[in-house]
Amino acid sequence: MTSGNSPRKPDWLKIRIPSGENVRRVNQLLKKERLCTVCEEARCPNMHDCWHRGTATFMILGDTCTRSCRFCNVKTGRPGIIDWGEAERVVSAAEQMKLKHVVITSVDRDELPDGGAGLFALVLHLFHQRLPEVTVEVLIPDFKGDRACLQLVLNERPDVLNHNIETVPRLYSDVRPQADYKQSLTLLERSVKAGFYTKSGMMVGLGETDDEVKDTLRDLAAVGVSFVTIGQYLQPRRDLHDVERYVHPDVFNEYADFGRSIGIERMQSGPLVRSSYHADEAMHSEGPVSK
């Protein structure tokens with residue numbers, strides 16, 4: 001819902017914005033390579049921290065989405081033609097930033113026959129060819145449930161296949177009206193069954209209950225997802241969905257404990273956690289991903 005009546009932001013969500021040479025260097029590099037980041041497009045609260053650390057989540061397939069999710073700041077409209085040169089520029093930027101782990105995501109491109117899967121595949125191919133030591137995580141759309149589109153991506157062997165479930169099933173019609181909860185679960189299950197390390201993420205504060213969060217974690221555990229992130233929804237624009245509640249950090253810890261107790265291998269749960277936030281640390285500090 002959108003009413004402009006979100007509760008006041010609590011102290012634990014107030015962050016210090018880093019600055020310095022790394023922030024400027026990443027900003028200049030992204031502009032030079034004509035690249036979009038989800039950091040900027042989604043107005044992520046961790047953007048400056050990630051840039052300060054020399055990391056970014058690259059967003060391919062342009063900056064215009066064919067869907068109108070009620071939580072997302074990315075603009076909706078009619079996208080332009082695919083810029084196949086994005087793949088080379090992403091790899092070049094990652095090389096210049098000396099990244100160990102790269103996250104590649106995209107807008108939804110429902111107007112394309114392959115949903116944009118071909119460009120994901122090309123990016124992966126170029127990384128394996130030029131930077132084989134870099135682990136690559138792809139945060140993909142649902143491709144409208146098309147199995148062949150998913151397979152195009154899997155054929156290029158991503159180290160992590162990430163697809164966000166985003167919210168609990170009851171809220172899909174309001175929050176993700178052009179998506180389908182079971183379709184997203186099926187995509188994740190297909191990735192797991194194909195032998196890939198599979199990750200998902202969700203937001204809280206959109207009107208769900210704690211029991212619904214736990215039910216969603218049960219669903220993710222049931223299809224074999226290995227890594228789940230949970231973070232606080234923050235309203236990026238006044239015309240988007242209100243924040244219905246700010247979840248206390250202790251409750252985020254309870255979500256994480258519950259997820260681990262039902263068999264989810266890795267849980268990152270906290271107010272400022274995002275699907276790709278500190279993804280490099282999560283992967284490399286806990287051991288390499290088996291291919």
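Which ring does the charged end of K214 sit over? The ring is that of F258, and the charged end of K214 lies 5.5 Å from its centre. The close-ups below come from a predicted model.

**View 1. Lysines over phenylalanine rings.** K214 has its charged end over the ring of F258. K199 has its charged end over the ring of F227. Here the distance to the ring centre is 4.5 Å.

**View 2. The aromatic pair F120 and F143.** The model holds three aromatic pairs. One of them joins F120 and F143 edge-to-face. Their centres are 6.4 Å apart, with 85° between the planes. The pair links distant parts of the chain, 23 residues apart. F120 belongs to helix 5 (residues 117-130). F143 lies in the loop between strand 6 (135-139) and helix 6 (147-154). F120 and F143 are both buried.

**View 3. The aromatic pair Y172 and Y181.** The ring centres of Y172 and Y181 are 5.5 Å apart. Their planes stand at 85°, so this pair is edge-to-face. Y172 is buried, and Y181 is buried too.

**View 4. Helix 6 crossing helix 8.** Two packed helices are described by the distance between their axes and the angle between them. The axes of helix 6 and helix 8 (residues 181-193) come within 11 Å. They cross at roughly 40°, which makes helix 6 oblique to helix 8. The crossing is right-handed.

**View 5. Contacts between helix 6 and helix 8.** Helix 6 brings R147, L150 and L154 to the meeting. Helix 8 brings L187, R190 and S191.

Definitions and conventions:
Residues are numbered from 1 along each chain as its sequence is written. This is a predicted model: local features need pLDDT of at least 70, side-chain atom pairs count only at pLDDT 80 or more; totals for chains, interfaces and linings use all residues. Side-chain values use heavy atoms; hydrogens and water are left out. Rings of Phe, Tyr and Trp (its six-membered ring) pair if their centres lie within 6.5 Å; planes under 30 degrees apart count as stacked, over 60 as edge-to-face and the rest as tilted. Helices (H or I, at least four residues) and strands (E, at least two) are DSSP runs, numbered from the N terminus. Buried means under 20% relative accessible area, exposed over 50%, partly exposed in between (1.4 Å probe, protein chains only). A charge sits over a ring if NZ of Lys or CZ of Arg is within 6 Å of the ring centre and within 35 degrees of the ring normal. Axes are lines fitted to C-alpha atoms, for helices over the stretch in contact, and angles run from 0 to 180 degrees between N-to-C directions. Angles under 35 degrees count as roughly parallel, over 145 as roughly antiparallel, 65 to 115 as roughly perpendicular and the rest as oblique. A crossing is left-handed if the near helix is turned anticlockwise from the far one by less than a right angle, and right-handed if clockwise. Contact means heavy atoms within 4.5 Å.
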